[in-house]
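Hi,

Here's the structure I promised to pass on. Have a look at it first, then read on for what turned up.

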Amino acid sequence: MCRTEDGLGAVQLHIYIRLCYRTPDSNPHFHSQIRGRMDSAEVPKEEILQPSHLALDIGGSLIKLVYFSRNNNRLTDKEHKTLGEGPGVSSGDGSYTVLKGKLHFAKFETSKINDCLEFIRCNRLHLGGFCEHEVPRDKIFVKATGGGAYKFADLFNEELGISLDKEDEMDCLVSGANFLLKAVQQEAFTYLHGHKEFVQIDHNDLYPYLLVNIGSGVSMIKVDGDGKFERISGTNLGGGTFWGLGRLLTKCKSFDELLELSHQGNNRVIDMLVGDIYGGMDYSKIGLSSTTIASSFGKAISDKKELEDYRPEDISRSLLRMISNNIGQISYLNALRFGLKRIFFGGFFIRSHAYTMDTIAVAVDFWSKGEAKAMFLRHEGFLGVLGAFMSYRKESCCGLTVDEAAQQFPISVSHSGDKIYCPSNQDLNDSIECCVYATKHHL
Ligand SMILES: Nc1ncnc2c1ncn2[C@@H]1O[C@H](COP(=O)(O)OP(=O)(O)OP(=O)(O)O)[C@@H](O)[C@H]1O
Ligand SMILES: CC(C)(CO)[C@@H](O)C(=O)NCCC(=O)O
């Protein structure tokens, strides 16, 4: 992988991947179809060499997709020159073609998997630019990670005729996080007391760090390098807990509605504070202010109230605080176990939501007495699927590491703004400019 900066300052991320179609010699029919097109004089080479441009992360709550779309414009001479200077790029033997375009992100609720299948089918994402009749069923392999890559493998095969090429979830999370941290400027940021600040990542001083992925459940991974990691802990109190309990308690119809409610809520109505127990006073001897939550939802035991007597806004706020606080605290304790100072939080529970990030960051700051830092990632929920997309590279005969690339080219990224609260379709609009190298000799 390597990258250049174009005139607009947008990032060019160069990913070496293999073409998506496996063409076993045992299938002469398929082989000759592709060869036939390649040999055709009228069709430009770039039209033929479509990379596998889809990867999936099928989680307990959400399906994430990354797909590549090509720009029509060709590489400029300057870009060709820059690429030619990259290690392994100027192959001279014509074994690669460079496709310029964008990586797009999309997500669907796992419970609505049919919408996802329809999206892939309508946009022909699984066909890599070929027509359906040109590609034999069962010969298309798409990289996929997450539990759903196992659970829904047959469904994808039946509905789209594709085989899911399974990649380990933790491997993908780590390679996705490393990729974003090294290749995309303004990816990581701190968010404390309402103040957002982007963090400059020193590539020589990135490891070790703690990656906390807050999906339905939470995984905590100590990352020591590319492909070097250990899942050191996890908790079942995660995003699924917030959304599941919140839905039951508030009757909200969507996750974003529940999150929105929390904006107007006041957790003190339901949470039992230190002051509630200590007659309005701090318990300063052990460092607890009167406003510290002593017991989440604790007031509900003494109030002679029923569920309907509480405002959904207050319930949502209390729940969000309970889950976020708990994750922040467990993360810090695990960072402490291994002497890690930097904690990166990913996963769609965060949803770029100010109050969630603030609560997590305050918990880390409070428990570590300012020693450890909580950081968040702009592509928070797409780590795993990016890792799956990049795993095509493993099968390519040419593979630059992100490290080499990151050192070689300056970086920046095109993005859709610094929104703290993102509307639900934001993910569809956010994209990363990139170039994909397709290896020709796999055909
Ligand atoms: N539109 C949404 N619908 C449902 N949950 C959402 C939505 N947006 C954000 N979330 C939150 O994100 C969580 C899922 O995050 P993510 O996609 O990172 O994990 P996952 O891959 O589904 O879970 P796991 O890795 O545990 O299998 C949900 O549990 C919920 O808290
Ligand atoms: C089971 C996974 C890894 C599936 O993504 C995730 O939901 C998780 O990390 N859950 C927490 C499990 C635990 O460690 O208690």
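How many residues surround ligand 1, and which are the closest? There are 18 of them, and the closest are Gly60, Ser61, Lys64, Ser216 and Gly239. Keep in mind that this is a predicted model.

Now for the contacts. The side chain of Ser216 has an N or O atom 2.8 Å from an oxygen atom of ligand 1. On its own, ligand 1 would expose 640 Å², and the protein buries 90% of that.

Where does ligand 1 sit? In the largest pocket. Strand E4 (62-70) and helix H8 (239-250) are the elements that give two or more residues to the shell around the ligand, and H8 gives the most, with three. Sorted by class, that shell has nine polar, five nonpolar and four charged residues.

The largest pocket itself has a volume of about 1,100 Å³. It is lined by 48 residues, with Ser61, Leu62, Lys64, Ser216 and Phe348 closest to its centre. Strand E5 (residues 96-109) provides the largest share of that lining, four residues.

There's also a second largest pocket, of about 610 Å³. Its lining has 25 residues, and those nearest the centre are Thr292, Ile293, Arg321, Asn325 and Trp367. Helix H12 (354-367) is one of the elements that give two or more residues to this lining, and H12 gives the most, with seven.

Cheers

How values were computed
Residues numbered from 1 in each chain as written. Chains lettered and ligands numbered in written order. Predicted model: local features only at pLDDT ≥ 70, side-chain atom pairs only at ≥ 80, totals over all residues. Heavy atoms only, no water. Near = heavy atom within 4 Å. Polar contact = N/O pair within 3.5 Å; in protein donor to acceptor, adjacent residues only side chain to side chain. Areas by Shrake-Rupley, 256 points an atom, 1.4 Å probe, with all protein chains shown as cover. 1 Å grid on protein atoms, 1.4 Å probe; cavity = no way out; pocket = protein on both sides within 12 Å on 5 of 7 lines; lining within 4 Å. Sits in = over half its atoms within 2 Å of the grid points. Nonpolar A, V, L, I, M, F, W, Y, C, P; charged D, E, K, R; others polar. Points joined across faces, edges and corners; volume = space filled by probe spheres on them.
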